[in-house]
Amino acid sequence: MGTLAGRVAMVTGAAQGIGRAIAALLGASGARVALCDVVEPAAAQDALAEAGEGAAYFRCDVRSASEVEATVKAIVERMGGLAILVNNAGIAIDGLLLRAKDEDWQRVLEVNLTGAFHCTRAAAKHLLKARAQGRIVNISSVVGEAGSTGQVAYAASKAGLLGVTKTLAQELASRGVTVNAVCPGFIETRMTEEHVQGERRERLVASIPLGRIGSPRDVAEAVLFLCGDGAGYITGQCLRVNGGLYM
Ligand code: NAD
């Protein structure tokens with residue numbers, strides 16, 4: 001019996017990268033995990049297998065309020081409730097301000113910020129029923145706190161998530177539900193492979209006090225902690241998992 005035995009956890013963007021590691025670790029800790037992602041089920045098979053026996057995959061685009069509502073309903077019906085929500089789905093479309101396109105700004109905000117809003121609103125009444133076991137963890141970023149050249153939309157979306165975290169921490173606290181953010185630094189996933197290469201990558205690694213890029217597992221461990229009973233008195237906080245990159 002793991003520490004999260006009997007709890008159902010919804011993880012968005014769970015088909016790969018950080019979301020996949022979170023789903024695997026929550027599953028290994030006893031939670032039954034609802035993996036949600038925009039990809040076809042076949043592309044999520046490996047992540048699903050890693051998340052343990054009780055896990056299930058739900059194809060869902062977090063940008064769509066109606067898809068999210070239907071997905072949360074299906075999770076609660078099939079899995080018997082919902083106690084934990086991890087808003088992890090995210091994209092990055094980089095570019096300097098003067099060349100920034102409206103559609104890129106909108107797309108990043110829609111997935112990273114509006115998507116988390118949709119999921120949280122749909123899940124909230126179920127999380128409230130879980131009372132003191134209810135948990136929301138938003139995956140923000142060091143970029144949301146420190147900014148980053150060429151990432152205006154991404155920074156806005158991740159800073160926005162921190163505002164959402166603090167506001168909902170206050171709103172849901174009376175029922176024992178906690179709302180926290182995890183702010184990863186530079187983590188080895190497809191996102192960083194695509195966006196940070198060559199010399200920029202070397203410079204970034206050199207600037208990390210712990211001297212290495214983080215792993216998805218490093219982030220998942222922080223999420224697991226915040227989802228557990230030991231974190232029941234922590235709410236409205238941002239836990240930085242960045243090797244000391246930003247303090
Ligand atoms: P990734 O690209 O490897 O994975 C993101 C996942 O989100 C994918 O499986 C993708 O299909 C899914 N997704 C994208 N749009 C979606 C949508 N509309 N609906 C549902 N799912 C959707 O990225 P990652 O590096 O694992 O990032 C995960 C989260 O961590 C993101 O929110 C990202 O901003 C954040 N983060 C990453 C890093 C890093 O260095 N990798 C650092 C800080 C924060």
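Colleague: Among contacts in the chain between residues at least 6 apart in sequence, what percentage join residues at least 24 apart?

Modeller: This is a predicted model, where local features need pLDDT of at least 70, side-chain atom pairs count only at pLDDT 80 or more, and totals for chains, interfaces and linings use all residues. Residues are numbered from 1 along each chain as its sequence is written, and side-chain values use heavy atoms, with hydrogens and water left out. A contact means heavy atoms within 4.5 Å. Of contacts between residues at least 6 apart in sequence, the share joining residues at least 24 apart is 69%.

Colleague: How many of the 247 residues, in percent, count as buried?

Modeller: Buried means under 20% relative accessible area, with a 1.4 Å probe and protein chains only. By that cut-off, the buried part of the 247 residues is 51%.

Colleague: Are H4 and H6 roughly parallel or roughly antiparallel?

Modeller: Helices here are DSSP runs of H or I, at least four residues, numbered from the N terminus. H4 (residues 102-129) and H6 (residues 152-172) pack at about 15°, with axes 8 Å apart; axes are lines fitted to C-alpha atoms over the stretch in contact, and angles run from 0 to 180 degrees between N-to-C directions. Angles under 35 degrees count as roughly parallel, over 145 as roughly antiparallel. The two helices are therefore roughly parallel.

Colleague: Which residues in H4 meet H6?

Modeller: The H6 side includes Val-152, Tyr-154, Leu-161 and Leu-172. Facing them in H4 are Trp-105, Val-108, Leu-109, Asn-112, Leu-113, Ala-116, Thr-120 and Leu-128.

Technical notes:
Angles under 35 degrees count as roughly parallel, over 145 as roughly antiparallel, 65 to 115 as roughly perpendicular and the rest as oblique. Buried means under 20% relative accessible area, exposed over 50%, partly exposed in between (1.4 Å probe, protein chains only).
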